[in-house]
Structures are given as structure tokens and as C-alpha cells.
Amino acid sequence: MIVTKNWLNEWIDLGGVSTEQLLKTFNAIGLEVDRHEVIRVPDGVVVGYVEQCERHPDADKLNVCQVNIGSATRQIVCGASNVRAGIHIALATVGSELPGGLKIKAAKLRGVESDGMICSAKEVGLPSIGEGIMILDNSIGELEVGKNLNDYPLFNDDLIEIELTANRGDCLSIHGIARDLRAALGRPLRELASKENQEGRLGIGRILQLQHNETFGVDLLFGAVEVQEFAVPFLITLRLALIDESYSTAVDAVLLYATHSTGVILRAYPFEKFGDPSAKGVITLKDDENGFAALYGKEKVSVVGVSQEKEAHFTATEGLVVIEASYIAPDIIAKKMGETKIASCPHYYRTSRGSEPKIDAGISYAMNLFEKFSPSQVYGGNIELLSSYEPRIVSMSEEEIESFIGMNVDKTTITQIFKNLGMDIGAPKGSTFAITIPKFRHDIINKQDVVEEIVRIIGIDNIPSKPFVFAEANRFGDDLNEYRKTRSYRHRAAQSGFYESVHFVFNERAQLEKLGFVCTDEAKELLNPITATFDTLRPTLLVGLLNSASANVKVNQKRIALFETGMVFDQERFESKRLSFIVSGPMENEKIANAGKPSNIDFASFVQLISNVAGSFELVSHTPSHALAHPYVCAKVMIDGKEAGELFRVHPAIEEEFDLSQTFMCELKTDCLAYALIQAQPYSKYQASFRDLSLVVPQSVTYEAIKSVIEKHASAQIRRFYPVDRYVSEAMGDQMSLTLRFVLQSDEKTLEEEDISAAMEWVLDGLKSELGASLR
């Protein structure tokens, strides 16, 4: 954003504020100064008036001019194509020195004396404003021949380029920058002069009307002016050159200048696009083919805030012009452009970052320029369309503000800052402020944004430094405990001879469904899978391990022992963590101890391996819900009475399909695995006794039933029991022999035979009465 000090001074009184102070203020309030240039026409360059202009007697492209500089009339030989009698020009007098070191001396050009040089803009250190010499007018101030040009503010100025952050679209205008300076300097904005008297003007409603069914979230204001004998004032020409803006017509120049000054998006259309001179013109607001809010006359003329049709530009020098001022919230237009990209014009840059919503000020400013610098006729009134707007309100207490900033700021100071920034303050309730955010500050959303405004106006350097106090909260929460728990079991698995395998959280849905696993509900399935084989979230870790084991076999790995920890997902996409294992092939590697022929893994060995990792658990009968498990070699894993997972041999058909030898798998819920401080338990100092109990029971009786009866009838002396032998034969029919070993111990004494026998009798009586068991 480029501004000049004197241009700013038209919007806010900068009297007594030095350029250095102004630059420091900009940087202090977050408007970073990227470039500063001094604009000063050298001494000795004065205002001159060309009284006569005649062709050079000896050169076709030179003119001999008589230039009045007040104290004298100088003869100047000039080669500019636009020099003529009756104009005011910039004359470098003899003895002056121009930028680049050119010293002006009296000279003869083709035999004609020349006492100075009529200058172009570039020759006096200004940006180029077109071919030829500068032609001055009263827009720079009252022209006084002989007066040094640098006595006019326009030629003695400071150009400042400010680097704005993307969210500060409100500062993309002279008015916006002045608005921030108002808060920083505590000075009011100037009231710009405007013609309020509408008498004698033809009302715009007689020639134009607006049709619409809805507002589309846009604000629109239309005015009309009959442009007559309008030439671009020198002040506007030079300032547009300073900000690197180019234009094709005088009307374009006025609107560019007004937009840069006020921040309001302005466009010009020839009236003929909306109607004939003999009839009222009609502007229609409706959706275009891409869903954007667009304006139509006889045909489409523009997309509000985005672009203007080439044929709808006003290109004439005179005629009836319809001026449009518009505002659309940046989040609305940016979102729409993100959905449907269309061609845009330079105005879209302002619209997407946040243009000035006070559109009446912009159109009034432009109309005043037409009336001030030409006999153009402005139509009275405007046609407007305003969308409803619910202002954002942020409530904050003094205590919150102090906690954010780190210092106490007086309530009066805070209130004044808010008001100077254009924020309305409701009646305070105690120490709480109700701050209404203005429409032009779309970047202020929450309390932190409000505090940032206070800090940048007060100045970060004015906030006293304090020692940093840091008291970290206890962050040892569930996430850390879960991580440590998972890490602990991963280490145990590695120590037990398993290798960790890591897979994506995606699986192939077809493979999972073939194996009988329930996948994610179709309505909640992945919308954009990374590959066809990763088209669903995994409901189990087992399939990934199975695929990895098969891949290992294909590279001649004989013994496979893998594990994985990770998340799995149910039908509703709720996740939970699992720990899974797979062992296939030999129990151990080839070595001397097994004569190079290790035996294959079996059920008991696999259970022991899982126990080495997961700790103590029980196995109960289980019917698998998927086709991966062998229906007769599977068990449910119980930990502390809770179902923790399953353990099984892989179905022989699956083993064959994946080229695996005898393979076992297990999947456990990590929530059921123990992870807590180990509490020390008292133990008896007296000797333990062991007793075996051999029973004959029906083969249909499960071990769970036997275990349940024993626990029901066991005395305190029975510390634990477990099966040690099971025997069946044809001679026994449907009966089986089961031997159980009991460990008995007392905390008070060494058990005697009578105590042991009594405890065993209670158990045997229970087994006889409830299960029909007998001693073998």
C-alpha cells in the first residue's frame, strides 16, 4: 500500500508530526514501512506561464516560447509536442540543478537564445506521467507564476510504501491508513467537504432503477453523472503515477483515485448498457451461470466485486455514466472463488481482502471530484441495496485484558483506543466491555484479536518487561500413560522374540469381507482411498500381519514371529487400540540343541509366548466370528474376568492360500492389559502343600464348569489349582479322566494332613453333587 504524507494529511491532521515520527508510528502499530522516498522538486524550478509559442525558425520540432515567471519573461526553446500558449508549466531557471546533476545554463539552440528549460515530470525527479512536459493546473493549489514548485505540498512530499499482512484489507486505502493513525496519534479524522444541496439536480430515480429478488450478501450503491469537458487534474495524474496506477480514460482515473483514497470499489458503465436515452434504464441483480452475484443491463455487465465485462467499460470522453459502488464480505467472495474459479480484475484483490463497506462515502468522494474539476452534472440521490448485517460483539473484562497484556491499562485509555479504531463500546457492566466490531474489521474475531489491537496502539515498547514466570501444569495425563503402556508391551514383545510390523490403517475391503470381518459402514466409508487395495479402515490388525507373514515366506523366511500395535475401527468408525501377534513355522531357529530340526509351533507353545508378553490370562471356549480362525483350535482370552481378545490357529485353508505352515495368531485389546503400579502382596512364611485330585467326569463337561464349582467350594487354604493331565479312551466311553493339582497354604501355620484332607473333601463333594464327578 503506497501513501504520501500530504495525501494522508487530507484525511487526518499531521501538523507537527515529522516524517521520522510518522514512520516510527507506522512500524509501532504493525503497519510495516517497506520503502520511504522523499519527493522534492529542486529549488529554482518555478511555475511559469507560456504567453507565446511560435515555431523555431530553423527547426521543425522546436518551439520558441515566451514564459512569464513573474519577475521577468524568459525565452525558452522547447521541443515538447504538448507545449502551447496559455498553459502553466514547470520552468527550471538558469542556475538550478536538476536530479542527475544537470545544471541549467543559458544556451543557444539552433541560433536562438534559451534562458532555462521547460521540464517534464521525470526531469524534476517525479515519475513519468506521459509524453511531454508537465502542464500544471489549480488542483495543486493556486498557481502563482515565479513561485518555487517545491512550495506546493504536492512537490514537497514523502512517499511511504507499507507492507500489509493479508488480513488488513481495511488499510488498503488512504482513509484506512488514516483511521489507524487516528488511534495511534489521538487525532480526529478530517471531515471531507461534500455538496449536500440537491436542489436543481435531476433525480437518479428518473433515469435508472434496480431490480432484484434477493441481496446475495452484497451492498450496492448507484449514482449517475453527465461527464462534460473533464480533463484529469494534474494532482490526480501525479498521485496515480506515484502509486503505479495507469488508466485509459479520465473517468477511470477519477475512480482509481477515489478507490485508493476511500477504499470503496467503484466501477463506471455507459448508461446505454442499461437503457435508451428516452427510457428509464434497468439494472438487474441476479445469479450468473457460475452462481456469482452479477449485474445485468441489456446483457451481463459485471460480477460484483470480481470483474467487469470489457464491453461494459465507459471508454468515451463525455456522456452519461452510471457509477457503481459495491461491498461484499471477503469471506463470502473468497469462498465462492475457491469453489468456482473465474477470471477477475484488479479490484478483486481489494474485495477478497476486505474493501471499505461505507460505500456512500466512496461514491460521494468520486462525484465531488467530477463537480470540482469540471462542469459535469451529477444526478441527485442514489439507488441503493443494502444487505442485513449482524455486528460481531466481543465481551472482555479489565482483568482479562490485563492478564493478556501483562500490565494494567486504564479503562479510559482502553475506551478511547476502541473508539478511535471505530469500535463501539456498550455501557460497561462492572469491569466488562461489550465491544462491537466494525464491519470493515473482518479480521477481529476473538478476544486475542481485540487485545492485539490494544497492544499495537499502546506500543509493544511501552509495555514494561517482567521476569518470565513459568509453572508447567502436570501433563502426565491419559495420553502419556497410554503411550508408555504401549511402549512397555512393544518392548516385551521384542524381548520375547517377536519382530514389530507396521502397516497402514487401511485394508482391502474385499479381502476383509471374504474373511468374515465386519467393515466400516458404507455411509461412512473413505471418500478418496489412496489405492484400490486400501479402500477401507481396518477392523483388525490380523489381516495386515497375515499378509506380512505371507510376504516373508515368499523370501524364504522359515520362522516368522511378528507383532503390531495400532488402532482398529468399527462400523461407526470409532477407534480402539489392539496388540496382535502371529507365529508361523518352527518354534526356534536351527541350532545344535535341536539337531537342525526344530519342531513347529504348537498351541501350548504359542500360548506361552503370548503369556510372556501379556502376562497371566485364562483361556475359555470360543466360537470365532470370522473365517480366519480354525473353529476347533481357538480360545477366548480372559484377563481379570474380562474378555481381552482371542487366540487361535489359522484355518488350514487360509494357511494353504497364503503358503504358510502351521500358524497361530492372537489379538488383544490393550485396554485390558495390565499397566499399573505393582502392589506388593503379603505371602505366607509357612510351607505350601501340593495335592493331586484325579477325577472321572463326562467329556461334555467343560473346564470352565469344573473351575467354577471348585472356586465356589474352595477354602481359604487353596491358593490355586490347575489341570496337569487329561485322559480318554474307548474303555471309558463318554467319560474322561482329569487330574488337577492343588496348592494349599495357610498364613497362620503349617497345614496338617487333617486340614488338607478337609479342604479337598469340600471340593470333591461339590464336584460330585453338581457335576456328577467321582474319584478315579
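This briefing covers strand sheets, helix packing, cysteines and cavities in the structure above.

The model is predicted: local features need pLDDT of at least 70, side-chain atom pairs count only at pLDDT 80 or more, and totals for chains, interfaces and linings use all residues. Residues are numbered from 1 along each chain as its sequence is written, and side-chain values use heavy atoms, with hydrogens and water left out. Another has four strands with antiparallel pairing. The structure holds zero disulfides.

**Terms for strands and helices**

- Helices (H or I, at least four residues) and strands (E, at least two) are DSSP runs, numbered from the N terminus.
- Two strands pair if DSSP finds at least two bridges between them.
- Strands of a sheet pair through backbone hydrogen bonds, either parallel or antiparallel.

- Strand β3 (residues 45–55) runs antiparallel to strand β6 (residues 88–92), and five bridges join them.
- In that pairing, Y49 stands opposite H88 in β6.
- β3 also pairs with strand β4 (residues 63–68), in the antiparallel sense, over six bridges.
- Here R55 has N63 in β4 as its bridge partner.

- Strand β30 (residues 560–569) and strand β31 (residues 575–584) run antiparallel, joined by 10 bridges.
- T565 stands opposite L579 in β31.
- Contact means heavy atoms within 4.5 Å.
- Axes are lines fitted to C-alpha atoms, for helices over the stretch in contact, and angles run from 0 to 180 degrees between N-to-C directions.

**The four-strand sheet**

- The order is β37-β38-β36-β39, again in an open sheet.
- The edges are β37 (718–727) and β39 (774–775); each has a single partner strand, so one side of each is left without a neighbour in the sheet.
- Strand β36 (residues 689–698) and β39 run antiparallel, joined by two bridges.
- V696 stands opposite S774 in β39.
- Helix α17 (residues 703–713) packs on the sheet and touches β36, β37 and β38 (735–744); its direction makes about 150° with that of β37.
- Helix α18 (residues 753–771) packs on the sheet too, touching β36, β37, β38 and β39; its direction makes about 15° with that of β36.

**Cysteines**

- A disulfide is a pair of cysteine sulfur atoms within 2.5 Å.
- For C119, the closest cysteine sulfur is that of C78, at 9.3 Å, too far for a bond.
- For C666, the closest is that of C672, at 12 Å, again too far for a bond.
- C119 is buried (under 20% relative accessible area; exposed is over 50%, partly exposed in between; 1.4 Å probe, protein chains only), at 0% relative accessibility.
- C666 is also buried, at 0%.

**Cavities**

- On a 1 Å grid over the protein atoms alone, a cavity is a set of points where a 1.4 Å probe fits but cannot get out; lining residues have an atom within 4 Å of a point.
- Grid points are joined across faces, edges and corners, and a volume is the space filled by probe spheres set on the points.
- There are three cavities of 30 Å³ or more.
- The largest cavity holds about 60 Å³ of space.
- Its lining includes D170, R179, R350, E356 and F440.

How values were computed: On a 1 Å grid over the protein atoms alone, a cavity is a set of points where a 1.4 Å probe fits but cannot get out, and a pocket is an open set with protein on both sides within 12 Å along at least five of seven lines; lining residues have an atom within 4 Å of a point.
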